[in-house]
Amino acid sequence: MYIEVQNASKTFLQNGKKFTAFNDVSLSIEKGEFICLLGPSGCGKSTLLNAIAGFSPVTEGSVKIDGKEVKEPSVKNVTIFQNYGLLPWRTVQKNVELGLEPKKIQKEERHKIADKYIELVGLSAFKKSHPRQLSGGMQQRVSIARALAVDPDIIFMDEPFGALDAITRMKLQDDILSISKQEKKTIIFVTHDIEEAVFLADRIVIMTPNPGKIKSIVTVPLKGHRERTASDFLQVRDKIFDLFNMKHEEQIEYII
Amino acid sequence: MKKLLSFKNIVISLLILLAIWQIIFSLSSFDSALFPSPLQAFQALIDMISSGVLISHIGSSMYRFAMGYVSAVVTAVLLGLILGRLPKVFQYINPAVQLLRPISPMAWMPFIVLWFGIGDIPAIVIIFIAAFFPVLLSTVSAVSGIDPIYLKVSKNFGIRQPHIIWKVIFPASFPQIANGIHLALGTAWVFLVAGEMVGAQSGLGYLVIDARNNLRSDILFADIIIIGLIGLILDTFLKVLEKQILKSWGGAD
Ligand SMILES: Nc1ncnc2c1ncn2[C@@H]1O[C@H](COP(=O)(O)OP(=O)(O)O)[C@@H](O)[C@H]1O
Ligand SMILES: [Mg+2]
């Protein structure tokens with residue numbers, strides 16, 4: 001397995017008391033998979049994502065990527081945040097070049113790579129703009145281009161479209177899906193939106209709170225491009241919805 | 001249009017000031033050696049300009065000011081960038097800074113003169129002390145208040161020390177640092193004059209003492225106006241510079 005989370009728990013010390021953000025989580029992810037972590041707010045999705053990405057390692061159990069224990073963030077795996085994480089004093093182009101700078105890449109080559117990904121996300125006309133001059137959706141595109149520019153193995157996304165309006169969100173969902181197929185990246189995507197998860201994921205990891213844990217893992221049976229209004233899509237969505245209301249204690253791999 | 005308006009404001013404001021001065025002069029019964037009219041001060045100003053005295057005093061003052069202010073800003077910003085990233089260390093430095101900060105730089109003057117003699121150094125040291133603390137404290141607070149997401153992102157992309165300071169920490173904290181630099185300018189200018197009144201043989205502050213000793217209130221007033229004018233120009237210059245940098249960095253508002 002490419003990513004291997006085994007019996008992982010994360011506890012925080014809050015005012016001298018232990019608080020468990022998630023407990024005994026096990027999860028295996030293959031290269032190239034699109035995984036959604038789905039669950040209500042507070043169920044430990046971000047904490048789990050941050051643990052796999054290396055920002056805040058687990059307190060028990062283990063997280064391994066490619067056989068190696070994760071201890072800190074790696075330049076090979078890029079995280080995209082809900083509030084974009086762009087550097088406001090840099091232009092779009094300079095933001096996209098950020099991750100290329102520590103690598104020993106010639107300036108011209110850097111420009112070429114940046115141009116390529118800025119074009120991929122459809123922002124060529126805004127290369128010289130600053131983030132403040134762009135809409136939220138455009139800013140998140142910049143941050144996607146910035147992530148792709150370093151050619152990462154894994155892209156972590158924490159509710160990346162959560163701050164966008166519904167129409168922009170759908171457009172970006174379309175785009176990230178086609179980009180993920182085209183660039184063949186492993187993507188772990190946090191969301192609390194069932195439709196978003198069904199639209200994007202190969203597998204959906206359903207999490208529940210108090211304490212955060214995996215309730216079930218669902219393989220989405222839809223192939224190729226998904227229609228949000230098609231009956232098979234709606235069926236899967238309803239099944240997931242039902243899962244949240246079920247009182248199952250054991251963790252089960254579901255094939256719908 | 002906005003520029004024109006503010007120019008109009010400046011002119012009217014100064015005219016009002018002049019008018020008040022003239023009225024007080026006309027109404028008061030002071031000897032004109034003690035209280036000059038605007039015209040007398042203006043005449044003294046013209047004399048000093050044409051004799052080249054004024055420009056040489058301005059020269060010495062500006063040299064000291066530049067030396068003291070620039071070196072204070074550079075060291076305070078550098079130190080602040082480092083200390084802002086080391087909150088545990090700063091906890092031990094902050095109390096000492098808070099103790100030294102409220103001491104008027106002029107209180108150090110006797111020591112400074114004893115150690116460095118009179119000349120350029122005392123005024124430079126005074127300006128340094130006056131500018132150093134506000135810039136240091138605003139830099140530390142700016143750096144420690146940086147949005148952690150910038151640091152997370154830079155770490156993720158492999159931006160390491162020392163690059164992270166120039167690429168991320170400095171620009172992210174720049175607006176607040178610039179604020180401190182700006183505040184310090186006014187303070188430093190105030191203390192330049194004070195420093196030169198005690199420890200120098202030239203400069204705008206020395207001119208104050210020299211005019212007093214020669215009972216030349218017209219020169220004194222002319223000097224005071226020049227001190228105010230240069231302070232205003234420096235302040236405006238810095239404001240414009242600050243705006244330019246902010247604009248090229250995507251602008252705050
Ligand atoms: N650094 C932290 N210190 C203490 N508690 C935390 C910390 N980060 C997250 N938590 C707690 O862990 C729980 C899960 O948080 P999070 O992973 O952000 O949930 P989600 O992303 O699913 O909304 C929350 O109750 C939150 O308050
Ligand atoms: Mg979250």
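**Notebook: loops, a pocket and a ligand**

I began with A:E159, which I found in the loop between β7 (154–158) and α5 (166–183) of chain A. Helices are DSSP runs of H or I with at least four residues and strands are runs of E with at least two, numbered from the N terminus. I noted that this is a predicted model, in which local features need pLDDT of at least 70, side-chain atom pairs count only at pLDDT 80 or more, and totals for chains, interfaces and linings use all residues. Residues are numbered from 1 along each chain as its sequence is written, chains are lettered from A and ligands numbered from 1 in the order in which they are written, and side-chain values use heavy atoms, with hydrogens and water left out.

**Entry 1: backbone angles in chain A**

I looked up the phi of A:E159 and found a positive value of about 40 degrees, although A:E159 is not a glycine. Is A:E159 buried or exposed? A:E159 is buried because its relative accessible area is 13%; buried means under 20%, exposed over 50% and partly exposed in between, with a 1.4 Å probe and protein chains only.

I then turned to A:K184, in the loop between α5 and β8 (186–191) of chain A. A:K184 is not a glycine either, and its phi is positive, at about 55 degrees. At 67% relative accessibility, A:K184 counts as exposed.

**Entry 2: cis peptide bonds**

I recorded a cis peptide bond between A:N210 and A:P211, with omega about -15 degrees. A:P211 sits in the loop between β9 (203–208) and β10 (213–219) of chain A. In chain B, a cis peptide bond joins B:Q161 and B:P162, with omega about -5 degrees. I placed B:P162 in the loop between α7 (148–156) and α8 (163–199) of chain B.

**Entry 3: ligand 1**

Which residues surround ligand 1? I listed A:F12, A:Q14, A:F19, A:A21, A:P40, A:S41, A:G42, A:C43, A:G44, A:K45, A:S46 and A:T47, each with a heavy atom within 4 Å of the ligand. I also looked up polar contacts, that is, pairs of N or O atoms within 3.5 Å. A nitrogen atom of ligand 1 is 3.0 Å from an N or O atom in the side chain of A:Q14. An oxygen atom of ligand 1 lies 2.9 Å from a polar backbone atom of A:K45, and a polar side-chain atom of A:S46 is 2.7 Å from an oxygen atom of the ligand.

**Entry 4: chain B**

I counted ten helices and zero strands in chain B. Of its 253 residues, 42% count as buried. The C-alpha atoms of chain B fill a box of roughly 75 × 55 × 30 Å, taken along the principal axes.

I next examined B:S37, in the loop between α1 and α2 of chain B. B:S37 counts as buried because its relative accessibility is 7%. Leaving aside residues up to four places away in sequence, B:S37 touches B:W21, B:Q22 and B:F25, where a contact means heavy atoms within 4.5 Å.

**Entry 5: the second largest pocket**

I noted a volume of about 580 Å³ for the second largest pocket. Of its 15 lining residues, B:L14, B:L17, B:L18, B:W21 and B:I225 are the closest to its centre. A pocket is an open set of points on a 1 Å grid over the protein atoms alone, where a 1.4 Å probe fits, with protein on both sides within 12 Å along at least five of seven lines; lining residues have an atom within 4 Å of a point. Grid points are joined across faces, edges and corners, and the volume is the space filled by probe spheres set on them. Which element gives the largest share of the lining? α10(B) does, with seven residues.

Key:
A polar contact is a pair of N or O atoms within 3.5 Å; within protein, one must be able to donate a hydrogen and the other to accept it, and residues adjacent in sequence count only if both atoms are side-chain atoms.
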